[in-house]
Amino acid sequence: MEDYKFLFKVVLVGNAGVGKTCLVRRFTQGLFPPGQGATIGVDFMIKTVEIENEKVKLQIWDTAGQERFRSITHSYYRSAHALILVYDISCQPTFDCLPDWLKEIEEYASSKVLRVLVGNKIDRDDREIPTHVGEDFAQRHNMYYLETSAKESDNVENLFVKIATELMEQAKSKELPRYDEINSQNINRRTTSIDVTCCGN
Ligand SMILES: Nc1nc2c(ncn2[C@@H]2O[C@H](COP(=O)(O)OP(=O)(O)OP(=O)(O)O)[C@@H](O)[C@H]2O)c(=O)[nH]1
């Protein structure tokens, strides 16, 4: 039997090329992949982290930024406990698209979803969006804000741990049934039960 108390789904969205796949690879595999190709549809990775002595399993869905995959990626928003909206701090158009991404999130995700804005590629010296501009945007839209570098491994672990901690606190405060309790009743209902209790209310 797998050993974890909480299971959360985290979905990354944002324009093509902002570094979503690299952030996920850095966090789950500890590497910065060379010559990373564009994501086709959706990719999926898992990592379990330990927070306050509890095991938290994160299912991380890395969506394709390219427009042509949009109808596929929309279907993954609904069950997300957290959405990470990524832009590239050295590429103004990726920041300018954020309002469009928020519209998609409002349309397709749960209204209770935890939303985190991430400015990636802070290792680059050709920054176009100052930190305070990203922070202001996040504040105005009720999101957490973090800047990262998947390349230099800056703030990446922190990003996912912060999300896991926040979701765990939310789950605990609602006194949700825990994985081990659900599992002892009926293993096949495990995922459904957690989905309903974590994001359905
Ligand atoms: N300098 C720098 N480059 C990065 C960083 N993260 C990603 N990149 C580069 O940005 C490019 C795109 O990275 P991906 O992770 O494939 O981007 P993506 O958002 O997953 O793109 P799609 O799959 O098309 O949506 C690659 O050439 C990466 O090497 C970073 O933190 N710093």
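Predicted model: local features only at pLDDT ≥ 70, side-chain atom pairs only at ≥ 80, totals over all residues.

Reply: Here is a quick tour, from the overall fold down to single residues.

Me: How many helices and strands does the protein chain have?
Reply: The protein chain has eight helices and six strands. Helices (H or I, at least four residues) and strands (E, at least two) are DSSP runs, numbered from the N terminus. Along the sequence the pattern reads β-α-β-β-α-β-α-α-β-α-β-α-α-α.

Me: And in what order do the strands sit in the sheet?
Reply: The six strands form an open sheet in the order E2-E3-E1-E4-E5-E6, with mixed pairing. Two strands count as paired if DSSP finds at least two bridges between them. E2 and strand E6 (144-147) stand at the edges with a single partner strand each, so one side of each has no neighbour in the sheet. From one strand to the next, the twist averages 25°.

Me: Which neighbours run parallel, and which antiparallel?
Reply: Strand E2 (residues 42-51) and strand E3 (residues 54-63) run antiparallel, joined by ten bridges. One example there is valine 49, whose bridge partner in E3 is valine 56. Strand E1 (residues 6-13) runs parallel to E3, with seven bridges, and leucine 7 stands opposite lysine 57 in E3. Helix H4 (residues 98-108) packs on the sheet too, touching E1, strand E4 (82-88) and E5, and its direction makes about 165° with that of E4. Those directions come from axes, lines fitted to C-alpha atoms (for helices over the stretch in contact), with angles from 0 to 180 degrees between N-to-C directions.

Me: You mentioned E4. What does E4 pair with?
Reply: E4 runs parallel to E1, with four bridges, and valine 13 stands opposite leucine 85 in E4. E4 also runs parallel to E5, with seven bridges; there, tyrosine 87 has glycine 119 as its bridge partner in E5.

Me: Is E4 buried or exposed?
Reply: Mostly covered: seven of its seven residues are buried. Buried here means 20 or more other C-beta atoms within 10 Å of a residue's own; exposed means 12 or fewer, and partly exposed is in between, with C-beta atoms placed from the backbone. In a regular strand the side chains alternate between the two faces of the sheet. In E4 both faces are covered, with Ala82, Ile84, Val86 and Asp88 buried on one side and Leu83, Leu85 and Tyr87 on the other.

Me: How much of the protein chain is buried?
Reply: Buried residues make up 37% of the 201 residues in the protein chain.

Me: What about the largest nonpolar core? Which residues have the most contacts inside it?
Reply: That core has 46 residues, and Ala82 and Leu83 have the most contacts inside it. A nonpolar core is a set of buried Ala, Val, Leu, Ile, Met, Phe, Trp, Tyr and Cys residues joined through C-beta atoms within 7 Å.

Me: Which residues is alanine 82 in contact with?
Reply: Leaving aside neighbours within four places in sequence, alanine 82 is in contact with Phe8, Val10, Val113, Leu114, Val116, Ile163 and Leu167. Contact means C-beta atoms, placed from the backbone, within 7 Å.

Me: Switching topic: what surrounds the ligand?
Reply: 20 residues do, the closest being Ala16, Gly19, Thr21, Thr39 and Gly65. Helix H1 (residues 20-29) gives the largest share of that shell, three residues.

Note on methods:
Residues numbered from 1 in each chain as written. Contact = placed C-beta atoms within 7 Å. Near = placed C-beta within 6 Å.
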